[in-house]
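Please read the following note alongside the sequence and the model.

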Amino acid sequence: MADHRQLLTPPLAMFYLVLMIVLINGSQAAGIISVYWGLNASEGTLADACGTSSNYSIVNIAFLSKFGNGTAVFNLTNHCNATADAGDDIKACQKQGIKVLLSIGGHNGSGSYKLSSADDARQALAGFIIIVVSCLISLIFILILVYVACSSFATYLWDHYLGGESYCDRPFGDAVLDGIDFAIEKKSKYWDELARKLSSFYKQQKKKAYLLTAAPQCPFPDPYLKDAINTSLFDYVSVQFYNHEQCEFKYNFDNVKASIQQWVTHIKDFNSLLLLGFPAAKEAADSGYVMPQDLVEEELKVIDHDNPKYGGVTVWNRYYDKLSNFSALIKPYV
(Lines give C-alpha, C1' and ligand atoms only; values in the text may rest on other atoms or scores of the structure.)
Protein backbone atom coordinates (compact mmCIF):
# COMPACT_ATOMS: atom_id res chain seq x y z
CA MET A 1 0.00 0.00 0.00
CA ALA A 2 1.35 3.40 -0.96
CA ASP A 3 2.18 5.85 1.85
CA HIS A 4 0.15 9.03 1.19
CA ARG A 5 1.54 10.99 4.16
CA GLN A 6 3.28 14.23 3.19
CA LEU A 7 6.01 16.12 4.96
CA LEU A 8 5.27 19.72 5.89
CA THR A 9 6.88 22.21 3.56
CA PRO A 10 9.40 24.54 5.26
CA PRO A 11 7.11 27.61 5.13
CA LEU A 12 4.18 25.65 6.59
CA ALA A 13 6.41 24.09 9.27
CA MET A 14 7.68 27.53 10.24
CA PHE A 15 4.10 28.84 10.49
CA TYR A 16 3.10 26.06 12.89
CA LEU A 17 6.26 26.59 14.93
CA VAL A 18 5.53 30.31 15.34
CA LEU A 19 1.89 29.54 16.16
CA MET A 20 2.94 27.08 18.87
CA ILE A 21 5.31 29.62 20.41
CA VAL A 22 2.60 32.29 20.51
CA LEU A 23 0.08 29.87 22.03
CA ILE A 24 2.57 28.69 24.66
CA ASN A 25 3.49 32.25 25.59
CA GLY A 26 -0.15 33.29 25.59
CA SER A 27 -1.09 30.40 27.90
CA GLN A 28 1.60 31.49 30.34
CA ALA A 29 0.42 35.10 30.41
CA ALA A 30 -1.72 35.65 33.46
CA GLY A 31 -1.96 39.41 33.80
CA ILE A 32 -4.24 42.21 32.68
CA ILE A 33 -3.62 45.47 30.85
CA SER A 34 -5.02 48.75 32.13
CA VAL A 35 -4.88 52.10 30.34
CA TYR A 36 -5.59 55.79 30.90
CA TRP A 37 -8.15 57.44 28.62
CA GLY A 38 -9.46 61.01 28.38
CA LEU A 39 -6.38 63.11 27.66
CA ASN A 40 -6.51 63.64 23.90
CA ALA A 41 -9.43 64.01 21.52
CA SER A 42 -7.55 62.04 18.85
CA GLU A 43 -7.52 58.92 21.01
CA GLY A 44 -11.14 58.22 20.07
CA THR A 45 -14.13 57.64 22.29
CA LEU A 46 -14.31 55.50 25.36
CA ALA A 47 -16.37 53.05 23.32
CA ASP A 48 -13.51 52.85 20.81
CA ALA A 49 -11.09 51.96 23.61
CA CYS A 50 -13.39 49.15 24.65
CA GLY A 51 -14.05 47.87 21.13
CA THR A 52 -14.27 44.19 20.27
CA SER A 53 -10.52 44.04 19.67
CA SER A 54 -9.69 45.84 22.93
CA ASN A 55 -6.58 44.76 24.78
CA TYR A 56 -7.68 46.32 28.06
CA SER A 57 -9.27 44.91 31.18
CA ILE A 58 -9.40 48.28 32.97
CA VAL A 59 -9.83 51.77 31.51
CA ASN A 60 -9.10 54.70 33.82
CA ILE A 61 -10.87 57.95 32.95
CA ALA A 62 -8.30 60.71 33.51
CA PHE A 63 -8.55 62.91 35.47
CA LEU A 64 -10.70 64.43 38.17
CA SER A 65 -7.95 66.92 38.87
CA LYS A 66 -9.53 69.74 40.88
CA PHE A 67 -10.89 68.94 44.32
CA GLY A 68 -10.54 69.60 48.02
CA ASN A 69 -11.99 71.91 50.68
CA GLY A 70 -15.52 70.88 49.83
CA THR A 71 -15.25 71.45 46.09
CA ALA A 72 -14.73 69.20 43.09
CA VAL A 73 -14.58 70.00 39.38
CA PHE A 74 -14.49 67.36 36.68
CA ASN A 75 -14.14 68.01 32.99
CA LEU A 76 -13.15 66.24 29.83
CA THR A 77 -12.51 69.33 27.75
CA ASN A 78 -10.31 67.32 25.39
CA HIS A 79 -13.39 65.37 24.35
CA CYS A 80 -16.37 67.27 22.98
CA ASN A 81 -19.65 66.06 24.50
CA ALA A 82 -17.69 63.38 26.36
CA THR A 83 -19.73 63.44 29.54
CA ALA A 84 -22.96 63.32 27.54
CA ASP A 85 -21.86 60.26 25.58
CA ALA A 86 -19.59 58.53 28.08
CA GLY A 87 -22.44 57.14 30.17
CA ASP A 88 -23.53 54.85 27.33
CA ASP A 89 -19.89 54.12 26.51
CA ILE A 90 -19.19 53.12 30.12
CA LYS A 91 -22.07 50.67 30.07
CA ALA A 92 -20.90 49.31 26.70
CA CYS A 93 -17.42 48.71 28.15
CA GLN A 94 -18.87 46.97 31.17
CA LYS A 95 -20.97 44.66 29.01
CA GLN A 96 -17.70 43.43 27.52
CA GLY A 97 -16.27 42.77 30.96
CA ILE A 98 -14.03 45.86 30.96
CA LYS A 99 -13.87 47.80 34.22
CA VAL A 100 -14.08 51.59 33.98
CA LEU A 101 -12.59 53.64 36.82
CA LEU A 102 -12.35 57.34 37.59
CA SER A 103 -8.77 58.45 38.15
CA ILE A 104 -8.31 61.29 40.63
CA GLY A 105 -5.27 63.55 40.76
CA GLY A 106 -2.87 63.45 37.87
CA HIS A 107 0.50 64.95 37.08
CA ASN A 108 1.59 68.31 38.46
CA GLY A 109 0.27 70.41 35.61
CA SER A 110 -3.14 68.76 35.41
CA GLY A 111 -4.94 70.68 38.15
CA SER A 112 -5.16 71.75 41.76
CA TYR A 113 -6.08 69.11 44.30
CA LYS A 114 -5.51 68.24 47.91
CA LEU A 115 -7.25 67.00 51.03
CA SER A 116 -6.79 69.61 53.71
CA SER A 117 -7.80 67.36 56.59
CA ALA A 118 -9.09 63.92 57.50
CA ASP A 119 -12.57 65.44 57.62
CA ASP A 120 -12.13 66.66 54.06
CA ALA A 121 -11.60 63.04 53.07
CA ARG A 122 -14.32 61.36 55.10
CA GLN A 123 -16.70 63.62 57.04
CA ALA A 124 -19.55 65.93 56.08
CA LEU A 125 -18.68 69.44 54.96
CA ALA A 126 -20.84 72.47 54.41
CA GLY A 127 -21.19 73.64 50.84
CA PHE A 128 -23.46 75.92 48.98
CA ILE A 129 -24.59 76.53 45.47
CA ILE A 130 -26.42 79.79 45.19
CA ILE A 131 -28.68 80.55 42.30
CA VAL A 132 -30.04 84.06 42.16
CA VAL A 133 -32.91 84.94 39.91
CA SER A 134 -34.03 88.57 39.75
CA CYS A 135 -37.42 89.32 38.34
CA LEU A 136 -39.08 92.75 38.15
CA ILE A 137 -42.73 92.15 38.89
CA SER A 138 -44.65 95.17 40.21
CA LEU A 139 -41.31 96.65 41.37
CA ILE A 140 -40.63 93.54 43.48
CA PHE A 141 -37.41 91.58 43.12
CA ILE A 142 -37.78 87.89 43.75
CA LEU A 143 -34.65 86.29 45.09
CA ILE A 144 -34.51 82.56 44.90
CA LEU A 145 -31.81 80.95 46.99
CA VAL A 146 -31.23 77.29 46.42
CA TYR A 147 -29.23 75.47 49.02
CA VAL A 148 -27.59 72.25 48.05
CA ALA A 149 -25.86 70.27 50.77
CA CYS A 150 -22.47 68.95 49.76
CA SER A 151 -20.46 66.37 51.60
CA SER A 152 -17.01 64.89 51.99
CA PHE A 153 -14.95 64.10 48.92
CA ALA A 154 -15.44 60.37 49.48
CA THR A 155 -19.20 60.87 49.60
CA TYR A 156 -19.03 63.05 46.52
CA LEU A 157 -17.23 60.31 44.61
CA TRP A 158 -19.63 57.64 45.85
CA ASP A 159 -22.78 59.62 45.07
CA HIS A 160 -21.74 61.12 41.73
CA TYR A 161 -19.77 58.31 40.08
CA LEU A 162 -20.29 55.07 41.98
CA GLY A 163 -23.19 53.35 43.74
CA GLY A 164 -24.62 56.22 45.78
CA GLU A 165 -27.44 58.63 45.05
CA SER A 166 -27.12 62.32 44.32
CA TYR A 167 -29.66 65.09 44.14
CA CYS A 168 -27.19 66.86 41.88
CA ASP A 169 -26.44 65.77 38.33
CA ARG A 170 -24.34 62.65 37.93
CA PRO A 171 -21.78 63.47 35.20
CA PHE A 172 -22.31 60.12 33.49
CA GLY A 173 -26.03 59.81 34.10
CA ASP A 174 -27.12 56.44 35.46
CA ALA A 175 -23.84 54.74 34.54
CA VAL A 176 -22.07 53.40 37.62
CA LEU A 177 -18.28 53.30 37.47
CA ASP A 178 -16.32 50.32 38.78
CA GLY A 179 -14.04 52.14 41.17
CA ILE A 180 -11.53 54.90 41.86
CA ASP A 181 -7.88 55.15 40.86
CA PHE A 182 -5.50 57.23 43.02
CA ALA A 183 -3.03 58.94 40.65
CA ILE A 184 -1.65 61.32 43.25
CA GLU A 185 1.47 63.30 42.36
CA LYS A 186 1.18 66.29 44.69
CA LYS A 187 2.19 66.69 48.29
CA SER A 188 -0.85 66.20 50.47
CA LYS A 189 -2.00 63.88 53.20
CA TYR A 190 -5.11 61.93 54.17
CA TRP A 191 -5.28 59.69 51.10
CA ASP A 192 -5.41 56.73 53.50
CA GLU A 193 -8.54 58.24 55.07
CA LEU A 194 -10.11 58.61 51.64
CA ALA A 195 -9.30 54.97 50.84
CA ARG A 196 -10.85 53.78 54.11
CA LYS A 197 -14.03 55.78 53.58
CA LEU A 198 -14.46 54.60 49.99
CA SER A 199 -13.83 51.03 51.10
CA SER A 200 -16.54 51.37 53.73
CA PHE A 201 -18.98 52.50 51.03
CA TYR A 202 -17.93 49.57 48.86
CA LYS A 203 -18.72 47.10 51.64
CA GLN A 204 -22.18 48.54 52.19
CA GLN A 205 -23.33 47.65 48.69
CA LYS A 206 -23.18 43.93 48.04
CA LYS A 207 -24.68 43.86 44.54
CA LYS A 208 -21.58 45.21 42.80
CA ALA A 209 -17.84 44.76 43.38
CA TYR A 210 -15.84 47.98 43.24
CA LEU A 211 -12.10 48.49 42.78
CA LEU A 212 -9.54 50.71 44.44
CA THR A 213 -6.29 51.17 42.53
CA ALA A 214 -3.20 53.30 43.14
CA ALA A 215 -0.52 54.59 40.75
CA PRO A 216 2.61 55.39 42.79
CA GLN A 217 5.95 56.48 41.36
CA CYS A 218 8.59 53.75 41.19
CA PRO A 219 11.04 55.15 43.81
CA PHE A 220 10.16 53.38 47.04
CA PRO A 221 8.34 54.37 49.14
CA ASP A 222 6.06 56.71 47.22
CA PRO A 223 5.99 60.00 49.16
CA TYR A 224 2.33 60.69 48.40
CA LEU A 225 0.59 57.31 48.49
CA LYS A 226 2.66 55.39 51.03
CA ASP A 227 0.10 55.57 53.85
CA ALA A 228 -2.81 54.82 51.54
CA ILE A 229 -1.11 51.75 50.01
CA ASN A 230 -0.25 50.51 53.49
CA THR A 231 -3.97 50.23 54.31
CA SER A 232 -3.98 47.08 52.13
CA LEU A 233 -7.28 48.22 50.63
CA PHE A 234 -6.08 48.55 47.03
CA ASP A 235 -6.84 45.81 44.53
CA TYR A 236 -4.04 46.93 42.21
CA VAL A 237 -0.89 48.96 42.83
CA SER A 238 0.24 50.23 39.44
CA VAL A 239 3.85 51.39 39.79
CA GLN A 240 5.09 53.90 37.19
CA PHE A 241 8.47 52.72 35.89
CA TYR A 242 9.14 55.89 33.93
CA ASN A 243 10.06 59.55 34.49
CA HIS A 244 12.58 58.41 37.11
CA GLU A 245 16.05 57.46 35.85
CA GLN A 246 16.84 55.20 38.81
CA CYS A 247 13.93 52.94 37.82
CA GLU A 248 14.38 52.86 34.07
CA PHE A 249 15.54 50.09 31.81
CA LYS A 250 18.06 52.06 29.75
CA TYR A 251 19.96 53.43 32.75
CA ASN A 252 20.40 50.45 35.05
CA PHE A 253 18.44 47.25 34.59
CA ASP A 254 19.64 45.93 37.95
CA ASN A 255 17.91 48.89 39.58
CA VAL A 256 14.72 48.06 37.71
CA LYS A 257 14.83 44.47 38.93
CA ALA A 258 15.53 45.61 42.48
CA SER A 259 12.66 48.10 42.36
CA ILE A 260 10.17 45.55 41.06
CA GLN A 261 11.19 43.04 43.69
CA GLN A 262 10.97 45.70 46.40
CA TRP A 263 7.38 46.48 45.47
CA VAL A 264 6.49 42.78 45.29
CA THR A 265 7.95 42.23 48.73
CA HIS A 266 6.18 45.26 50.16
CA ILE A 267 2.70 44.17 49.07
CA LYS A 268 3.16 40.43 49.69
CA ASP A 269 0.89 40.53 52.74
CA PHE A 270 -1.57 43.02 51.24
CA ASN A 271 -4.73 42.29 49.29
CA SER A 272 -3.08 43.91 46.28
CA LEU A 273 -1.65 42.89 42.93
CA LEU A 274 1.26 44.65 41.24
CA LEU A 275 0.87 46.27 37.82
CA LEU A 276 3.99 47.44 35.99
CA GLY A 277 3.41 50.86 34.42
CA PHE A 278 5.07 51.85 31.12
CA PRO A 279 4.59 54.58 28.48
CA ALA A 280 3.17 53.42 25.17
CA ALA A 281 5.58 55.56 23.15
CA LYS A 282 8.70 57.64 23.60
CA GLU A 283 6.61 60.81 23.34
CA ALA A 284 4.22 59.66 26.08
CA ALA A 285 6.66 60.40 28.92
CA ASP A 286 9.71 62.49 29.68
CA SER A 287 11.79 59.31 29.94
CA GLY A 288 11.46 55.60 30.51
CA TYR A 289 10.04 54.28 27.25
CA VAL A 290 10.94 50.64 26.59
CA MET A 291 10.56 49.00 23.18
CA PRO A 292 7.95 46.22 23.29
CA GLN A 293 10.56 43.58 22.40
CA ASP A 294 12.84 44.68 25.24
CA LEU A 295 9.93 44.84 27.62
CA VAL A 296 8.92 41.28 26.78
CA GLU A 297 12.44 39.88 26.85
CA GLU A 298 13.67 41.69 29.96
CA GLU A 299 11.35 43.57 32.31
CA LEU A 300 8.32 41.29 32.12
CA LYS A 301 10.57 38.36 33.05
CA VAL A 302 11.75 39.98 36.28
CA ILE A 303 8.60 38.87 38.06
CA ASP A 304 7.35 35.31 37.66
CA HIS A 305 3.87 35.41 36.15
CA ASP A 306 2.93 32.60 38.52
CA ASN A 307 3.78 34.90 41.41
CA PRO A 308 0.52 35.51 43.31
CA LYS A 309 1.35 39.24 43.49
CA TYR A 310 1.71 39.68 39.70
CA GLY A 311 -1.20 41.56 38.14
CA GLY A 312 -0.07 42.71 34.70
CA VAL A 313 0.78 46.02 32.99
CA THR A 314 -0.56 49.57 32.94
CA VAL A 315 -0.14 51.52 29.71
CA TRP A 316 0.23 55.30 29.60
CA ASN A 317 -1.87 56.29 27.66
CA ARG A 318 -4.64 55.40 25.22
CA TYR A 319 -3.69 58.07 22.65
CA TYR A 320 -0.11 56.87 22.28
CA ASP A 321 -1.13 53.24 22.51
CA LYS A 322 -3.48 53.77 19.60
CA LEU A 323 -0.60 55.16 17.56
CA SER A 324 2.05 52.61 18.55
CA ASN A 325 -0.05 49.45 19.02
CA PHE A 326 2.03 48.92 22.17
CA SER A 327 -0.56 46.96 24.16
CA ALA A 328 -1.30 44.60 21.25
CA LEU A 329 2.39 43.80 20.87
CA ILE A 330 2.91 42.93 24.55
CA LYS A 331 -0.48 41.37 25.34
CA PRO A 332 0.46 37.73 24.54
CA TYR A 333 3.27 38.00 27.08
CA VAL A 334 1.55 39.95 29.86
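**Note on cavities, a pocket and disulfides**

1. The lining of the largest cavity divides into 4 nonpolar, 5 polar and 1 charged residues. Here Ala, Val, Leu, Ile, Met, Phe, Trp, Tyr, Cys and Pro count as nonpolar, Asp, Glu, Lys and Arg as charged, and the others, Gly among them, as polar. The lining consists of Ser34, Tyr36, Ile58, Asn60, Asp181, Thr213, Tyr236, Ser238, Leu275 and Thr314. Two or more of these residues come from each of β1 (32–37), β2 and β10. Helices (H or I, at least four residues) and strands (E, at least two) are DSSP runs, numbered from the N terminus.

2. The model is predicted: local features need pLDDT of at least 70 and side-chain atom pairs count only at pLDDT 80 or more, while totals for chains, interfaces and linings use all residues. Residues are numbered from 1 along each chain as its sequence is written, and side-chain values use heavy atoms, with hydrogens and water left out.

3. Rolling a probe the size of a water molecule over the atoms shows where empty space is left. On a 1 Å grid over the protein atoms alone, a cavity is a set of points where a 1.4 Å probe fits but cannot get out, and a pocket is an open set with protein on both sides within 12 Å along at least five of seven lines; lining residues have an atom within 4 Å of a point. Grid points are joined across faces, edges and corners, and a volume is the space filled by probe spheres set on the points.

4. The whole structure contains 2 cavities of 30 Å³ or more. Phe220, Pro221, Asp222, Lys226, Ile229, Asn230, Trp263 and His266 line the second largest cavity, with α7 and α8 each giving two or more residues.

5. Strand β12 (310–316) is among the elements that supply at least two residues; its share of 3 residues is the largest. By class, this lining has 12 nonpolar, 10 polar and 2 charged residues.

6. Leaving aside residues up to four places away in sequence, Gln240 touches Glu185, Ala215, Pro216, Gln217, Cys218 and Gly277, where contact means heavy atoms within 4.5 Å.

7. There are 2 disulfides in the structure, each a pair of cysteine sulfur atoms within 2.5 Å. In the link of Cys218 and Cys247, the sulfur atoms are 2.4 Å apart. The angle about this S-S bond is 105°, and the link is right-handed. Cys218 lies in the loop between β9 (211–214) and α7 (226–229), and Cys247 in the loop between β10 (236–240) and α8 (253–266), 29 residues apart. Both Cys218 and Cys247 are buried.

8. Cys50 and Cys93 form a disulfide with sulfur atoms 2.1 Å apart. The torsion about their S-S bond is about 95°, so this disulfide is right-handed. Cys50 sits in the loop between α2 (46–49) and β2 (58–64), and Cys93 in helix α3 (residues 82–95), so the pair ties together parts 43 residues apart in sequence. Cys50 and Cys93 are both buried.

How values were computed:
Buried < 20%, exposed > 50% of the residue type's maximum accessible area, 1.4 Å probe, protein only.
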